[in-house]
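Me: Could you walk me through a structure, feature by feature? I would like to learn how to read each one.

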Amino acid sequence: MRNLAIKGSDRARNMLPVARANLQRAGLADAIELQAQDVLQARPFADSGFIVTNPPYGVRMDEQDALAELYPQLGDWLKAHFAGWTAHFFTGDLRLSDLIHLSVKRRTPLFNGSLPCRLFAIPMVAGSARREKPAADDEANGVADAE
Ligand SMILES: C[S@@+](CC[C@H](N)C(=O)[O-])C[C@H]1O[C@@H](n2cnc3c(N)ncnc32)[C@H](O)[C@@H]1O
């Protein structure tokens, strides 16, 4: 377990003890290195790998506006730094798949309590991940795979 390179981060320093407690309960306390960091400052530590994250998703209008700024930034960050990696975003904000401006390979319907969510899988292939036009929206049908 110690040989796996797994890193976790949140920009809110007070989330780290919460994450450590969860890792402890899962028996993974020694396996994952945690740090306080803005996600946009994170850089790859291998040629390929997986990013798994549940970015913020809000209900209030001001939160929605902030997220409409953050999601395209996440797309730009992935495209600039993470070719060869696959990103997975778990979110209740179904706008993410359009706002991130990248090709979503798979959309798995999941729930957070009663809130409908998606796990979006986005493979980052150098030079070909940017989506020019929005794909046909299959969200209404809860379709699990965009391919
Ligand atoms: C939906 S919560 C998920 C928290 C935790 N990962 C979990 O599963 O319980 C979203 C988290 O994103 C963090 N966050 C928001 N903007 C961020 C950014 N730009 N960089 C890093 N973390 C950020 C917030 O501090 C918050 O803890």
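**Reading the fold together**

Reply: The chain gets from E3 to E4 by way of helix H2 (residues 61–81), in a right-handed β-α-β crossover. Right-handed here means that, with the strands pointing away from the viewer, the path from the first strand over the helix to the second runs clockwise. This is a predicted model, in which local features need pLDDT of at least 70 and side-chain atom pairs count only at pLDDT 80 or more, while totals for chains, interfaces and linings use all residues. Residues are numbered from 1 along each chain as its sequence is written.

Me: How many helices and strands does the protein chain have, and in what order do they run?

Reply: Helices (H or I, at least four residues) and strands (E, at least two) are DSSP runs, numbered from the N terminus. The protein chain has 3 helices and 6 strands, in the order β-α-β-β-α-β-α-β-β from the N terminus.

Me: Which strands pair with E4, and in which sense, parallel or antiparallel?

Reply: Two strands pair if DSSP finds at least two bridges between them. Strand E3 (residues 49–53) and strand E4 (residues 85–91) are parallel, with 5 bridges. E4 and E6 are joined by 6 bridges and run antiparallel; there, His-88 faces Ala-121 of E6.

Me: What does the hairpin of E5 and E6 look like?

Reply: Strand E5 (residues 106–112) runs antiparallel to strand E6 (residues 115–123), with 7 bridges between them. One of the pairs is Arg-107 with Phe-120 in E6. The hairpin has 2 residues between its strands, and Gly-113 takes a positive phi near 65°. A positive phi also turns up in a residue other than glycine: His-101, near 60°, in the loop between helix H3 (96–99) and E5.

Me: And what joins E1 to E2?

Reply: Strand E1 (residues 6–10) and E2 run parallel and share 5 bridges, with Asp-10 partnered by Ala-36 in E2. Together with helix H1 (residues 16–25), E1 and E2 form a right-handed β-α-β unit. After H1 comes Gly-27, with a positive phi near 75°.

Me: Why is Leu-16 called partly exposed, and what is it in contact with?

Reply: Leu-16 is in helix H1, and it is partly exposed because 15 other C-beta atoms lie within 10 Å. Contact requires C-beta atoms, placed from the backbone, within 7 Å. Setting aside neighbours within four places in sequence, Leu-16 contacts Asp-10, Leu-34 and Ala-36.

Me: Last one: which residues surround the ligand?

Reply: A residue is near a molecule if its C-beta atom, placed from the backbone, lies within 6 Å of it. Around the ligand are Asp-10, Arg-11, Ala-12, Met-15, Asp-38, Val-39, Leu-40, Asn-54, Pro-55 and Pro-56. Domain 1 (1–38) and domain 2 (48–131) each give at least three residues to this shell, with the domain bounds coming from an automatic or database domain assignment.

Technical notes:
Buried ≥ 20, exposed ≤ 12 C-beta atoms within 10 Å, placed from the backbone. Contact = placed C-beta atoms within 7 Å.
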